[in-house]
Structure formats: C-alpha cells, structure tokens
Amino acid sequence: MLSGKWQFRLFFFLAATLALSACADDKKYFEVGLKDSELGKPVMTEAQTASIFSAPQILETYRLENLKPAARPSKETDEGGYWFSADKHEQLVRTSGNLIKDEKLNAYVKGIICRLAGPYCPGIRLYIMRIPQLNANVMANGTTQVWSGLLLRSRDEAELAAVLGHEFGHYLRRHTLQSQRHIIEQTNMATLYTLGAFLGGAPAGSVDLMNMATNSSILAFSRNHEREADGYGLRLLYENKYDLSAPSEVWKRAIDEGKRAGQDGPLNPYSSTHPPDLERQAELKRLADVLSPTLISQDKGRERYLEHILPHRASFLEVEITKNPQKASLALLDILIEDGVRLGELYYFKGEVFRRSAKKNGAEEALKFYKKAIEAEGAPVEVFRSMALAELSLQKKEEAKRNFDIYLQKAPSASDAQIVRMQMEALK
Amino acid sequence: MVNRCRWATIALVSASLMGCQQTFRLSEKTLALSRVNQKIAVMPPDVELSELTMGGVKVPNAVWSEQAKTYLLDGIRKSPAFKNLDFVEIQPPPQNTPEDRFILSVQKLHTAVGDEIMLHSYNPAYTLPTKGAKLDWSMGPLAKELRHRTNAKHALFIHVNDTYSSSGRVAYAIAVAIFAGVAIPGGQQQGFASLVDLETGDVVWFNNIARNAGDLRSPGSVQETVDALFAGFPLERDCKSC
C-alpha cells in the first residue's frame, strides 16, 4: 500500500487530471460553433418571469431579435451532431404510415406556420401526423410535426397558432442545444462530485443527494424553457394579430379534458419537465390580459379553420376512439359537442364508443346516440350500418335489416357494400 | 486493493470475451445458395457514431458518422472474404423523392426485422417456441420491389450504433477503476448486418455485434469491425462462370 503522503499526492494528481478533462469536454461543447451570447438573453427563472407586469416589459423581454434559429450548423460542432440525429429522425417521420398527405390541409397549416415564423419559414418542414394526442413538436433541424389530435381540439386558427407559436419559441431559441449543453455540464459536475465524495469518504447518501440536485436542476432548466417558449409563443401571436386569449383557452380545455377523462394526477413541481398546466394557463392569461389592450383587432380565424379541418374531422375522430381509452374519447367528444359544430358526426362517434365497448348495455346506449345523430346535422351514412350492427347484437333482426337497407341505398358503392349484402342474406 | 484489482480484471476479461461467442445465424435456405454469381445490392449503411461525455451523455457526431459509412463500404470492398462477389452499392437517392422514400422504407423495415431477430433469436427470455434460435425471418414482399429496382438477387444491410468515451470519460473510468475497483462502462459498438434474398424476402444470414471494442473513426481500424460484422458470411462467387 502507498504511504499516506503518496496517496494524497496521487489523489491530487488524478483530481486535477479529471477536472482538466472535464473542462476540456465542456470547452469543446461551449466554444466550438455557436456562442452562447448569440442566443440573446439567457433563460429566465420562474421568479424573473413572474416579475413582468407591463406590456412594454413583455415586449422587451420576449424581443423578436432574441429569436435566432440555427442555419445548418457545421458538422464539426455538437449542434451539427444534433442536426445529424434530427435528420435521421426526420427520415422516419417522412416515411411514416401516419403521415397525412392531403395537399390542401398541408398548404393551409404551412401557411399559418409561415405567418408565425416569418423569415424562418423556409427552414421548417411540416409533417401532419395521424396521432390522437394534443401536440406538435419542432426538432432542431426544423422538422415540424402537427398531430391530428391538435387539429381536432383547436377551435380556431388562433388556438392552433398558439401551440405552434410555443413550439417555434423552442425552435427559434434553440432550446434543444441549450438543454443538451446544460445536461452535459450538470452530469459532468455530478460525476466529479461522486468521485470526490467517494474518495473523501462522504456518506453514501450524499451522492444520492447530488444526483437528485442534478436531476432537479436539469428539470428546472426544462421548465424554464417551457415558460420561455410560452412567452415567445405569445409574442408571435401578438406580432401576427392573433387572438391573445387562445393559448390560455387551449390550456383551459386541455385541463378540463384531462379531468373529465380522469387523468389528472398530483404533479410534483420539482420533478417535472413542464410547469404545472394550471400555472401555465394562469400565467399565459395574465400576460395576454396585459398585452391585449395594446392590440386593436385580434383574429380568431374560426371560419377559415373549420373550412379546412372539418373535411378531415371524422378520420381524426376515428383514430381517437380506436386508440384512446373510452373515458378519454367520451371526454373529448363531450367537449366538441359543447362547441356545437356538425353535431350529427359527433353523436355518431359517441355511439361508436359505446357500441365498440365491452359494456353490457353498450348497444342500447349506442342506439340512443345514433338516433340523436340522425336528428342532428351532418351524420355520416355509416350511422345506419352501425345502427344495424347494434340492433343485430340485440337480436332486433327486422330493424337491423331495415337500417342495412338504408345504408346500401345511401352508399351503394361503399367498400363494404358486398359484406353488408351478405349479412342481409343471412338474415333472411 | 489486490482484491479490487482482481474484480476489475475479471470484469474486463469477461467484457472482452463477450465478443467471442458465435454471433451469426444462417437460415436453412442458405445452404442452397452459398455459391452465387448474381448481383448483391449493398444498401446505404445506417450508422451513427456518438461521443460519451464524462457524465455519460451521448453526443452524436456527424463527421464521424459520415466518415464511418465511407470507411465501412471501403472495408467491404477490400475484404478478402467478399473478393469476386458482384456488389452494387446503392447510393442514397436525392432527398424526398419517391426513390428516397422507398429506400428509407426498406431500411426501416430491415431495422424493424433486425430488432425482432435480436430480441427473439439472441435473448433466451424471448425465444419463440416455434423458431428457437433458428433464422426464420422474412422482410416480405417489399424485398421483391427492391429486386425489380436494383436488379440484384440479394441485398446487404448494415445497421451500427457506436459510442466512444471522451477524454473526460476515460480519465474518470481510470480513476474509478484505481480507487473503487469498479468498471465504468465506456463506448460500445452495437449493430447488426443481414443478407436478404430479394426473391423471397427471407433473411438468409444475420450477424450482430455488441462489444466494447471496434473503432470506426479511422480507416486503419475499420477492417477489424468489418470482419466482426460479417463473421460467417455465407456467400462466395461461383467460379465456374468467372
């Protein structure tokens, strides 16, 4: 064994080597390519964000000059590496079976993107995906996904723009890069500390404490990014004269939908990537209330929006009720029914949720909604087929035959017409 | 201290031995076609190289990754095992053209099939009763479409993810090994390659690598990885017609 003196020297030698290599790691990530100063103002903490009170203050904080998306970075940089990864991911997205290719819909959404992102529009590539969740995302290289669940839940163009504006806040402030660098810095520090603690004979619990601190720092950074993106998202709406209440409206309904679906659990504010929904909604409302008086006309774009979304709504709903739990589907449908657009279609889908459920009285419940659908405006012809199927399961053969017949009369060349005819034969 | 070093040595030796087991699988259908004189399409390699920071974060490296693709293809061309085989290298088509989407879809399918083979033929916990370790997997009818487009009888797919320790990670691993006698995981090379019969879609040869060795960052060291990746490659040219 080494003498105490030598052990001491060896320890210092290694500690110094380690610290130097860690710095070399960091230096490489922080000085090659993008300089941190290019990102403008640093990410603000919760307390700093909460201290913004007047409209000029908001406009000064979320300055358009602070928005700097990356041009394609040099391959030698860490950012170049993240773009390489994002490019690979984009290959999966553009060959996805969930991609919605409808040209008119794509052109419409791309138009909103270009209105919001202005000069940065050419760097953004839009992919509308058939995914039943309220979300959109923008990757470092400009790959933008808009999910059908978002198009379905937004009530007007301003609400869609609110979510897109938030995502562009992340993109235009290069949050992927910022957070990756932060994570590397934090985990390097934690690693050094762990070794130091081990060598210094610190109790094992202190390492856990350090890891916890590291994680919570990374998560806090992520939450600050969300707040910042909320702020810049609102600024983009302001700049384009969209209705400023849209972001808080989206949140309000998302929270409501979660509650009705029974999905609201307690959220730990120290271990979340995102700030609590209620807090974000309240903060967005507060900022919008301050800014609103300075904006004379605010555009909701509801008619324009419905004109483009309604032709696709049934196909969006189909994937929602197929993939999401029943309670969640019903929550969504009830909220859409409250909005009151093309009710026949919504009652039909509500009936479908019951008919496809394993509940004993599923078919009976379903029939109630199919009847409501027929009385309302906009029920699809499939409602008659569904009624027939529900009636069949209740042994009401005569009624079933009648509804199959109506279905065939209304949709003689439906893809399943042949099957329906066979089913009718069997009933005779 | 001596005891600690022993454990570190055991850990290191067992890690290096992991690469010595037989990793390739041959389909029963392979026997019939070991000598060929038809074209083999070499798909654009799907390769990603990253650096592992001291704290264990993976940072993808674009330069390494793109170089590695070239080095791998060079390695295949130079490898004596593939001498005389009629390789056609498929170039990545211009982005977002129908050809691009087709090639990407085929590669995506290969990765999906390869992941399943990895799970069900190599992991005893997930072995399927009907297959066992038998190589009995197919890419289905999409393969035939590739045959029409490339005029090749077989296609060779390569999928590799490789990580390398940063200098900070290396220093940390050494310090931990000395003081604590614990092995800190460093860079890892993982991936698989397969040969697919484009007439039937059957995967006729499959091999995987999962090791703490291998370096795709310089042309000099790539041959070793090529040899490891193509262990047990079943084809040679039928020289009656050379």
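Please keep in mind that the model is predicted.

**Where the two chains meet**

The size of an interface is often given as the accessible area lost when the parts come together. Here, chain A and chain B bury about 2,900 Å² between them, and 67% of that area is on carbon and sulfur atoms. Three residues of chain A stand out: A:F84, A:R94 and A:T95 supply 22% of the area that chain A buries against chain B, more than any other three residues. In terms of residues, 34 from chain A and 33 from chain B take part in the contact.

Which parts of chain A supply at least two residues each to the side that touches chain B? They are helix 1 (4-31), helix 4 (78-94) and helix 8 (175-199). Sorted by class, that side of chain A has 16 nonpolar, eleven polar and seven charged residues.

**The sheet of chain A and its helices**

Chain A has an open sheet of three strands in the order 1-3-2, with mixed pairing. Strand 1 (125-129) and strand 2 (136-138) stand at the edges with a single partner strand each, so one side of each has no neighbour in the sheet. From one strand to the next, the twist averages 15°. Strand 2 and strand 3 (residues 143-147) of chain A pair in the antiparallel sense over three bridges, and A:A136 has A:V146 in strand 3 as its bridge partner.

| Helix of chain A | Strands touched | Angle between directions |
|---|---|---|
| Helix 5 (residues 103-117) | strand 1 and strand 3 | about 130° with strand 1 |
| Helix 7 (residues 157-172) | strand 2 and strand 3 | about 25° with strand 2 |

**Salt bridges, across and within**

Over all chains, the structure holds 47 salt bridges. Four salt bridges are found across the interface of chain A and chain B.

Within chain A, A:R280 forms a salt bridge with A:D230, where the closest N and O atoms are 2.9 Å apart. A:R280 lies in helix 11 (residues 277-291) and A:D230 in helix 9 (residues 204-239), so this pair ties together parts that are 50 residues apart in sequence.

Terms used
Residues numbered from 1 in each chain as written. Chains lettered and ligands numbered in written order. Predicted model: local features only at pLDDT ≥ 70, side-chain atom pairs only at ≥ 80, totals over all residues. Heavy atoms only, no water. Contact = heavy atoms within 4.5 Å. Buried area = accessible area lost by both parts, 1.4 Å probe. Salt bridge = Lys/Arg side-chain N within 4 Å of Asp/Glu carboxyl O. Helix = DSSP H or I, 4+ residues; strand = E, 2+ residues; numbered from the N terminus. Nonpolar A, V, L, I, M, F, W, Y, C, P; charged D, E, K, R; others polar. Pairing = 2+ DSSP bridges. Axes fitted to C-alpha atoms, helices over the stretch in contact; angles between N-to-C directions.
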